[in-house]
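Student: I have not seen this structure before. Could you take me through it step by step?

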Amino acid sequence: VEAIARLHRDRVGVEDLERALAADLGAVPAEHRFRVRVAANVCAILARETAALAPDRAEQRALAAEIRAGTWDERLPELAARLREEVRARLAIAHPGWDAVADDGR
């Protein structure tokens, strides 16, 4: 249970949760092992089925590296506009309708 709480706190994916559940099976009381094993299998299925839906983060990693390297230092308004559009795209999915809230354009 502690391992699961740690995984949740660290925001790890279902693959890691599946591995933690399977690894900690010996520490689980016998009467709960079947359910934990089922939960681990569900996590494994979710990981396989959703892998194709995962966004490609290569572009975001490249942008983060450019920001850290100072590539955008002279073009901060352009960077802000780009980041604002990315946030709006995420909000449109995660919280429809929030993309227009409190946008002062800065």
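Predicted model: local features only at pLDDT ≥ 70, side-chain atom pairs only at ≥ 80, totals over all residues.

Tutor: Residues are numbered from 1 along each chain as its sequence is written, and side-chain values use heavy atoms, with hydrogens and water left out.

Student: How many helices and strands are in the protein chain?

Tutor: The protein chain has 5 helices and 0 strands, and its pattern along the sequence is α-α-α-α-α. Helices (H or I, at least four residues) and strands (E, at least two) are DSSP runs, numbered from the N terminus.

Student: What share of the residues counts as buried?

Tutor: Of the 106 residues in the protein chain, 14% are buried. Buried means under 20% relative accessible area, exposed over 50%, and partly exposed in between (1.4 Å probe, protein chains only).

Student: Now the helix pairs. How do H2 and H3 cross?

Tutor: Helix H2 covers residues 14-23 and helix H3 residues 33-50; their axes come within 8 Å and cross at roughly 155°. Axes are lines fitted to C-alpha atoms, for helices over the stretch in contact, with angles from 0 to 180 degrees between N-to-C directions. H2 and H3 are therefore roughly antiparallel to each other; angles under 35 degrees count as roughly parallel, over 145 as roughly antiparallel, 65 to 115 as roughly perpendicular and the rest as oblique.

Student: Which residues meet there?

Tutor: In H2, they include Leu 17, Glu 18 and Leu 21, and in H3, Ala 40, Cys 43 and Ala 44 are among them. Contact means heavy atoms within 4.5 Å. By class, this contact of H2 with H3 has 11 nonpolar, no polar and 2 charged residues. Ala, Val, Leu, Ile, Met, Phe, Trp, Tyr, Cys and Pro count as nonpolar, Asp, Glu, Lys and Arg as charged, and the others, Gly among them, as polar.

Student: Is Ala 44 buried or exposed?

Tutor: Ala 44, found in helix H3, counts as buried because its relative accessibility is 18%. The C-alpha atoms of Ala 44 and Glu 18 are separated by 5.9 Å, with the two residues 26 apart along the chain.

Student: And where do the axes of H4 and H5 come?

Tutor: The axes of H4 (residues 58-69) and H5 (residues 76-94) come within 13 Å and cross at roughly 150°. That makes H4 roughly antiparallel to H5. The contact of H4 with H5 divides into 4 nonpolar, 1 polar and 4 charged residues.
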